[in-house]
Amino acid sequence: MKKLVILVIALAIFLRCGNKKEETNKEGQYWFGNDYQENKHFIIPYTIEQLYDIIQENRDTDYDKTKEYTDKLLALSKKSNFSHGIAKAYYTLGALSVIHKQDYVKGLDNYQKALDLYEDIDAQQGMAECYTAIGIVYYSNELYDLALTNYTKALSWWKLLGNKVHEANTYRGLGLAYQGTGKYELAIENFTESLKLREANGDQKGLAEICNNLGIVNEYKGHFNQAMDYYNQCIRISEKINSKQNIANAYNNMAGICKEAYDYNRAMNYYEMSIAIEKELNNDKGIAITLYNIGLTQSALHQYQEALRYFNQAKT
């Protein structure tokens, strides 16, 4: 069974990059902000800045409120002929479609509108964010070649901007996409680049995550000892920072290796440790996946009634 891979969508909501075409607004007050790329200044209408704040606070949790204020942002920015605001609005509409509605076609359409505007005003961070978001959508729909194309473009921009955090995340995205195509060596190469950057950045949670990814891809290659080493590294790091979800994922994956080796008792121990954490976290999806895996293990042991019981629990 395909291993659980947590893909956290990392879509930044604000652009702090400036543009090379000065834009002004004749209405209302103004707020002066630093240009992200060149440390110059550009002008943002104060009312638009307020809308940015509301959108940031609510985008991931409140679809209706975010949609309402994003529509206001779009209307005000169009009235003001403020390209940054228009692009940000389209970007946010894309994120809302993907995150809350799983409407990938609409999401891509809005991301592309944002990207076109950012290209027109040479807003480099905006372009990087759009290419990243588009890559995530294509990866989520298993269109791995298109994901690779967009992640590669995003990586070029993140490197140019010197943003090591996003660079590390994009290398991980590339690794996942290459893994999806079955190009495991290229996946390992990109995961390793991500690991190096996360070590340099002191990103312990990210390190645990990438160790889990390296464990999975090594398992796919049949390198089970290396996979177990990476899963154990993931657990050690995660215990230090109390990242329980990463621990649960690692235990689930370690159980899968034991099951492949016909060590069913050990597999059951790992599954039980995994599901205990998933229940503590109230992660219904993780609980269901682990219950299903336990059912498969019980079936391999010819404990068919037990297997059926776990399968039924997984459905509920």
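Student: Is Glu142 buried or exposed?

Tutor: Glu142 is exposed, because its relative accessible area is 51%. Exposed means over 50% relative accessible area, buried means under 20%, and partly exposed lies in between (1.4 Å probe, protein chains only).

Student: What kind of model is this?

Tutor: This is a predicted model: local features need pLDDT of at least 70, side-chain atom pairs count only at pLDDT 80 or more, and totals for chains, interfaces and linings use all residues. Residues are numbered from 1 along each chain as its sequence is written, and side-chain values use heavy atoms, with hydrogens and water left out.

Student: Back to Glu142. Where is it?

Tutor: Glu142 sits in the loop between α5 and α6 (144-161). Glu142 is not a glycine, yet its phi is positive, about 60 degrees.

Student: Which loop holds Asp122?

Tutor: The loop between α4 (104-120) and α5 (124-140). Asp122 has a positive phi too, near 55 degrees. Asp122 counts as partly exposed because its relative accessible area is 23%.

Student: Zooming out, how many helices and strands are there?

Tutor: The protein has 14 helices and 2 strands. Both are DSSP runs numbered from the N terminus: helices are H or I with at least four residues, strands are E with at least two.

Student: How much of the protein is buried?

Tutor: 51% of its 316 residues count as buried.

Student: And what share of contacts links residues 24 or more positions apart?

Tutor: Among contacts with a separation of 6 or more, 53% join residues 24 or more positions apart. Contact means heavy atoms within 4.5 Å.

Student: Now helix packing. At what angle do α2 and α3 pack?

Tutor: About 160 degrees, with the axes of helix α2 (residues 63-80) and helix α3 (residues 83-101) 8 Å apart. Axes are lines fitted to C-alpha atoms, for helices over the stretch in contact, and angles run from 0 to 180 degrees between N-to-C directions.

Student: Are those two roughly parallel or antiparallel?

Tutor: α2 and α3 are therefore roughly antiparallel. The cut-offs are under 35 degrees for roughly parallel, over 145 for roughly antiparallel, 65 to 115 for roughly perpendicular, and oblique for the rest.

Student: Which way do α2 and α3 cross?

Tutor: The crossing is left-handed. That means the near helix is turned anticlockwise from the far one by less than a right angle; clockwise would be right-handed. The contact includes Tyr63 and Leu74 of α2 and Ile86 and Leu96 of α3.

Student: What about α9 and α11?

Tutor: Helix α11 (residues 244-260) and α9 pack at about 15 degrees, axes 10 Å apart. That makes α9 roughly parallel to α11. Their crossing is left-handed. Among the residues in the contact are Ala208, Ile216 and Glu219 of α9 and Asn249, Ala250 and Ile257 of α11.

Student: How do the axes of α7 and α9 cross?

Tutor: At roughly 20 degrees, with the axes of helix α7 (residues 164-180) and α9 coming within 11 Å. α7 and α9 are therefore roughly parallel. α7 passes α9 in a left-handed crossing. Arg172, Leu176 and Gln179 of α7 meet residues of α9 including Ile210 and Ile216.

Student: You named Glu219. Is it buried or exposed?

Tutor: Glu219 counts as buried because its relative accessibility is 7%. Glu219 is in helix α9 (residues 204-220).

Student: What does the Glu219 side chain make a polar contact with?

Tutor: The side chain of Tyr231, at 2.9 Å. A polar contact is a pair of N or O atoms within 3.5 Å; within protein, one must be able to donate a hydrogen and the other to accept it, and residues adjacent in sequence count only if both atoms are side-chain atoms.

Student: How many disulfides are there?

Tutor: The count is 0 disulfides. Cys234 is in none, and its nearest cysteine sulfur, that of Cys211, is 6.5 Å away. A disulfide here is a pair of cysteine sulfur atoms within 2.5 Å.

Student: Is Cys234 buried or exposed?

Tutor: Cys234 counts as buried, at 0% relative accessibility. Cys258 is buried as well, with a relative accessible area of 3%.

Student: Last one. What is Ile247 in contact with?

Tutor: Leaving aside neighbours within four places in sequence, Ile247 is in contact with Ile235, Ser238, Glu239 and Ile277. Ile247 is in helix α11. Ile247 counts as buried because its relative accessibility is 9%.
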